[in-house]
Amino acid sequence: MKIITGNDLKSGAVTWWTGYEWSLHVADAIDAGDNAEAIAAREEAARRVNAPYVIAGEVNAEGNVRPAHIKDRIRALGPTVRPDLTVKPADPAIGTWVI
Amino acid sequence: MYRYDQYDQAMVDARVEEFRDQVRRRLEGRITEDQFKPLRLQNGLYLQLHAYMLRVAVPYGTLNSTQMHALADIADKYDRGYGHFTTRQNIQYNWIRLDQTPDLLADLAKVEMHAIQTSGNCIRNISSDHYAGAAADEIADPRPYAELLRQWSSFHPEFLALPRKFKICVIASEADRAAMKLHDIGIRIVRNAAGEIGAAFYVGGGMGRTPMIAPCINPFVPIDRLVTYCEAVLRVYNRHGRRDNKYKARIKILVHELGAEEFTRQVEQEFAHMLAQDIEPPLAELERIAAHFAPPAFETDLDESIDRADPDFALWVDTNTVPHKASGYVSAVISLKPVGGIPGDASSAQMRLMADLARQYSFDECRVTHTQNIVLPHVRKADLHALWTALEAADLGTANLDRAGDIIACPGLDYCSLANARSIPVAQQISQRLSPKSAELGELKIKVSGCINACGHHHAGHIGVLGVDRKGVENYQLLLGGSEAEDTSLAKITGPGFDEAGIVNAVEKATEVYLAQRSNGERFLDTYRRIGIDPFKEAIYG
């Protein structure tokens with residue numbers, strides 16, 4: 001599956017394309033299929049996202065969408081060495097999600 | 001330390017307002033990201049793995065307490081309560097909002113700081129010995145020369161679009177505590193037989209994917225020609241450096257491909273041409289700058305003794321203080337490497353404490369080291385126990401300078417968009433594994449990079465670790481035998497890489513070989529150089 005990610009223009013926060021808006025949580029991402037590149041270009045032109053790009057996604061054992069590559073999994077989560085700075089600071093198992 | 005004059009302040013203030021307008025236009029959609037990107041990079045603002053990252057210049061690593069306090073305030077006001085001190089003697093903030101960046105830069109400008117030329121293909125922040133002005137073995141304080149070069153290089157119109165980034169280092173001791181020979185230009189301030197001050201020029205060093213040790217191209221440039229000679233080197237590089245391939249664009253490639261002799265010939269030819277143009281600032285300007293670096297009013301007849309009754313304190317004194325040129329004083333190193341911690345990170349509370357301690361105990365001065373620690377350069381021996389007690393309470397009193405736990409690590413894949421593997425967790429595990437053996441291992445410099453760009457200086461580690469991406473999985477190569485000191489050498493890869501647990505085991509095995517083979521108080525590096533890589537490979541790979 002193809003998912004689209006980018007950064008919020010003002011805050012720089014990592015965002016994910018949900019099909020109709022941008023979310024801070026990768027689990028909200030959808031498979032953008034063959035339209036992914038066109039959606040990314042359209043959203044960037046409309047200044048709704050900064051520097052969007054298309055990456056390979058996968059569905060994990062719990063049924064949640066996540067990036068296929070570790071780099072983007074870390075990007076989706078936050079630094080693995082600072083759980084308090086991740087998108088789910090209260091989840092003690094969040095680090096294992098990355099690997 | 002140097003204080004901005006009206007021109008410095010006006011330039012920095014004007015730049016802030018210029019960037020404020022650029023940000024406004026970007027947010028209003030009047031310029032695209034492609035148009036904006038070079039503008040934000042010229043102000044040190046990157047887009048990293050999780051957010052915008054701002055790199056703030058700390059010229060030659062010198063800060064006063066007001067500036068350190070301001071860095072802490074910025075961490076709280078604009079970031080998430082911490083900052084990361086880097087191997088270029090800078091500080092980086094990892095969670096910056098674009099719309100707040102102009103205000104942040106304005107706050108920096110109030111304390112004579114900025115983020116200009118911390119990115120891009122220009123002359124970057126000039127680095128130096130973190131014990132400058134305090135070291136017992138220096139022939140002069142190198143910072144006035146570094147400051148002169150900072151003023152020359154800031155906004156230099158001819159060198160704002162070089163083939164690649166350009167890094168200059170200035171030291172003034174035989175001992176190299178700044179990785180001088182691993183810079184594009186490394187300058188050692190020297191005296192000739194007549195006692196005159198001059199500059200030895202080493203050109204074409206660097207790490208990254210093609211590591212090189214800079215050759216000396218001129219052992220003595222008269223000090224009143226320092227700027228002219230730098231300009232000659234930059235001109236030859238700007239003229240002939242490759243712009244067709246960014247991986248071959250650094251000056252080290254030009255020096256290597258031309259050969260040091262031919263490169264030197266061209267520099268000397270350019271230098272001779274430039275002497276007629278008389279671009280060198282008058283020596284009076286150097287003297288004006290040097291006056292800002294006049295030694296503080298050291299007390300005399302101080303008690304040299306230190307009460308070593310507390311063994312933890314005694315260990316810290318023995319490990320983390322170094323000799324000072326003034327009797328009764330030392331330079332004290334504050335470790336930003338607690339056992340298992342993130343190398344180089346400091347919370348805003350820790351920054352404020354370090355600022356207060358600098359004010360109280362070190363003539364208002366502190367330094368950022370290229371090894372990601374902080375130095376209080378001028379501390380009375382009589383104040384050391386009080387200083388250490390305060391540091392200990394803030395988790396800043398780890399006694400590990402140049403020991404196994406004093407690991408350089410780049411941000412790696414936890415923060416950096418260029419990285420291929422995480423550096424910090426590897427450094428943390430090595431620190432936890434080897435710190436209990438720290439005293440037994442003695443001097444041991446371990447350096448971890450998360451990619452070939454070598455921000456973690458893995459090429460120069462006694463033990464280096466390089467993270468790579470192997471089919472989407474983090475993999476770590478082990479290197480041995482590097483040094484960034486006066487005995488500069490480049491480390492060699494031992495063989496196939498390891499996973500995260502494997503590399504920690506491999507590092508430990510390398511130390512076991514050392515402990516088994518060392519003789520007569522050898523350092524790890526000495527033993528490696530004596531016995532070679534084979535015994536290590538045998539132990540590591542079986």
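About 2,300 Å² is buried between chain B and chain A, with carbon and sulfur atoms giving 58% of this area; buried area is the accessible area (1.4 Å probe) that two parts lose on being put together, summed over both. Within chain B, L27(B), L49(B) and H50(B) lose the most area to chain A, together 21% of what that side buries. This is a predicted model, in which local features need pLDDT of at least 70 and side-chain atom pairs count only at pLDDT 80 or more, while totals for chains, interfaces and linings use all residues. Residues are numbered from 1 along each chain as its sequence is written, chains are lettered from A in the order in which they are written, and side-chain values use heavy atoms, without hydrogens and water.

The contact (heavy atoms within 4.5 Å) takes 33 residues from chain B and 24 residues from chain A. Between the two chains there are 0 salt bridges, a salt bridge being a side-chain nitrogen of Lys or Arg within 4 Å of a carboxyl oxygen of Asp or Glu.

On the side of chain B that touches chain A, α1 (6-27), β5 (91-96) and α13 (424-434) each supply at least two residues, and α13(B) gives the most, with 3 residues.

The second largest pocket is lined by 30 residues, of which Y131(B), R177(B), V322(B), D402(B) and K445(B) lie nearest its centre.

Key: Helix = DSSP H or I, 4+ residues; strand = E, 2+ residues; numbered from the N terminus. 1 Å grid on protein atoms, 1.4 Å probe; cavity = no way out; pocket = protein on both sides within 12 Å on 5 of 7 lines; lining within 4 Å.
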